[in-house]
Amino acid sequence: MNRGILYSRLLTFLFWIAMSALTLLPVWWMFLVSVRTRADLFGKPSFLLDVQAMTWENYAAVLSNPTFQKYMTNSLIVATSNAVLVSVLALLAAYAMSRFALVGKDNLFFWVLTNRMAPPAVFLLPLFLMFTGLRLGDWSLFDTRIGLILLYCVFNLPFAFWLLQGIVDAIPKELDEAAYVDGASTFTVLTTVIFPLARPGLAVTGILTWVFAWNEYLFASTLTSVEARTITTGLAEFVTVTGTNWGQLAAVAMLTLAPAALVLALVQRHIVAGLTFGAVKG
Amino acid sequence: MSRVTLEAVGKSYGAVTVLKPLDLDIADGEFLVLLGPSGCGKSTTMRMIAGLEAITTGTLRFDGRDVTALHPRDRNVAMVFQNYALYPHMTVADNIGYPLKVARVGRAERLAQIEAAAKKVDLTPYLARYPRDLSGGQRQRVALARALVRSPGVFLLDEPLSNLDAKLRVAMRAEIKHLQRSLGVTMIYVTHDQIEAMTLADRVVLLNDGVIQQVGTPDEIYDNPGNLFVAGFIGSPPMNFVEGLGAGGRFAGPGVTDLPCPGTGKLTLGFRAEDTAIADTGRFSGTVYEVEPTGEATYVVLQMGPHRVNLRCDKKFRPDLGTTLRFDLGAGQALFFDTATGQRVR
Ligand SMILES: Nc1ncnc2c1ncn2[C@@H]1O[C@H](COP(=O)(O)OP(=O)(O)OP(=O)(O)O)[C@@H](O)[C@H]1O
Ligand SMILES: [Mg+2]
């Protein structure tokens, strides 16, 4: 009996070690590449870090590269604006859906979800035509950050809406009613009651949409060219510009990973709270 | 302070009518209790007064002003919800101060008023706590303080004591009544507990199935019920009923003969346990079914034909089961109802 538990513990432990290795090894490898000089790279491959030969010059080169700076800025702006916009819009939609009697409510909800069912690639061509064809004088959505932000809203809203709907439904309706009787307008109820109580859910929504926008490749690579290019898409292109510099490529990759990891680490606490939110209402 | 007038106010959900059009005039400073069994429409009535539920028909007035279509925030009412509906993410102080904050009262002024309201309900030591760290009774007080803080025209309380244990309920009952007296506010109080209604109310409105059964002071409702429903709902134990026939000004039924009565045909005699007096020459008789001592009195359950009735007797009284007892009522203590319609016959 005791031995059985020990074995199963050991097995579980080994399993997770293996899983971690599987996911983390490529990252580690990339890190190794990013801190080696060009000459070292083509030497004998090794999984170990040679501290003496370690160099930050790839990072220095990348960080001082204006193209990299621009792409990074684009990515940060697009992902953050998208996350904020989606969270706010989805919260408003979820609130309306949860609290007001809307005609065809259930169908509407289902319809919103179906928007997410077709593979995104299906929309690529129509979207490209829309982005280039719809013009205001010289201006079109093509190669603009606002274009990407709006587009990502389309893909992120249904999921965010679905998630927040559950969160808002779990907030007792009496709280809204008490606030109304206390003299609050609908907007005040939203900002002083619903928003603070939905915060864990909003954190989850925000991070997931942020990561989606940060990592999105397909649309970013087709619907932008120079000005609005994001770091994810710029990654490959960036290297061809400077020659196939594997060290710098790895450094860019590491730097692209960093913000996502940072954001995740920051809101991890909220995500756990968000996932168990229904259980602690009231 | 407000006078509240309901003019033929009714409520239906689609084809389902949950509240028949009802008229009610609630005086300024009155303590009115809406009483009735579960599902009779008490909460609906109160929520319509608060503006949380649309009024289907009729007109609602505060001090003569038509407020039927007014948003809840513009009605200047305060409401205490059954589950208190405290804002869980705010401290007690912020909860109490919320109506003031919404009304953009300045910080210093707000703090002073929060202090004052908290003091009225003995909450001062708890102002920094969150609702989850309070007991049921304390939460109840927070809800009261939140209602008190901005001197509303009308106070609405929907079963505010039903989540408390019996002892606390009695204590809070007195506090609420005292508060209402000292502030002189109009208070509308919903409950399904008739003891609560009797002890608190200036006037009781007894509802059943969305229809007002009777409106009156607790004494009127207790002594002069207008129909069988009221008679059976009010009082503990409830009024005793014996069905029989009235003819020629005399009532006859199982265990009852030759009792003067108004009306003719199928009648139901009603009388209260405490109005009975054991007497060998009494006009009523039955066999002892059970004896229930309560400490302050002994209740004897008598079988009269198909009916069982309660008599309140001396605490030492212990009749043997199965023996026949005779008892009598004083003048005016026998009430009669039409058995078919349930209406009082006078
Ligand atoms: N949205 C609705 N649609 C249809 N009927 C409803 C709706 N809301 C309430 N009702 C009905 O209205 C009636 C009155 O409800 P209400 O909540 O006023 O009862 P109550 O007297 O407060 O009861 P309780 O003591 O249980 O709180 C009930 O029969 C209920 O089923
Ligand atoms: Mg109710």
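**View 1. Contacts within chain A.** In chain A of this predicted model, 74% of the contacts (heavy atoms within 4.5 Å) with a separation of 6 or more join residues 24 or more positions apart. Of the 282 residues in chain A, 41% are buried (under 20% relative accessible area, 1.4 Å probe, protein chains only).

**View 2. Overall form of chain A.** Here you can follow 13 helices and two strands, which are DSSP runs (H or I, at least four residues, for helices; E, at least two, for strands). Chain A is more spread out than a compact globule, because its radius of gyration is 24 Å, well over the 19 Å given by the globule rule for 282 residues. That radius is taken over C-alpha atoms, and the rule is 2.2 Å times the number of residues to the power 0.38. Along the principal axes, the C-alpha atoms fill a box of roughly 75 × 75 × 35 Å.

**View 3. B:R75 in its loop.** Look for B:R75 between β5 (65-66) and β6 (77-80) of chain B. Its side chain reaches two backbone oxygens: that of B:M48 at 2.9 Å and that of B:T68 at 3.1 Å.

**View 4. A buried arginine.** B:R75 is buried but has no salt bridge (a side-chain nitrogen of Lys or Arg within 4 Å of a carboxyl oxygen of Asp or Glu). The nearest side chain of opposite charge, B:D66, lies 7.7 Å away. Residues that B:R75 touches include B:I49, B:L60, B:F62 and B:V67.

**Notes.** Residues are numbered from 1 along each chain as its sequence is written, and chains are lettered from A in the order in which they are written. Local features need pLDDT of at least 70, side-chain atom pairs count only at pLDDT 80 or more, and totals for chains use all residues, while side-chain values use heavy atoms, with hydrogens and water left out.

Technical notes:
Buried < 20%, exposed > 50% of the residue type's maximum accessible area, 1.4 Å probe, protein only. Lys, Arg positive; Asp, Glu negative; His and termini not counted. Polar contact = N/O pair within 3.5 Å; in protein donor to acceptor, adjacent residues only side chain to side chain. Lists of a residue's contacts leave out its neighbours within four places in sequence.
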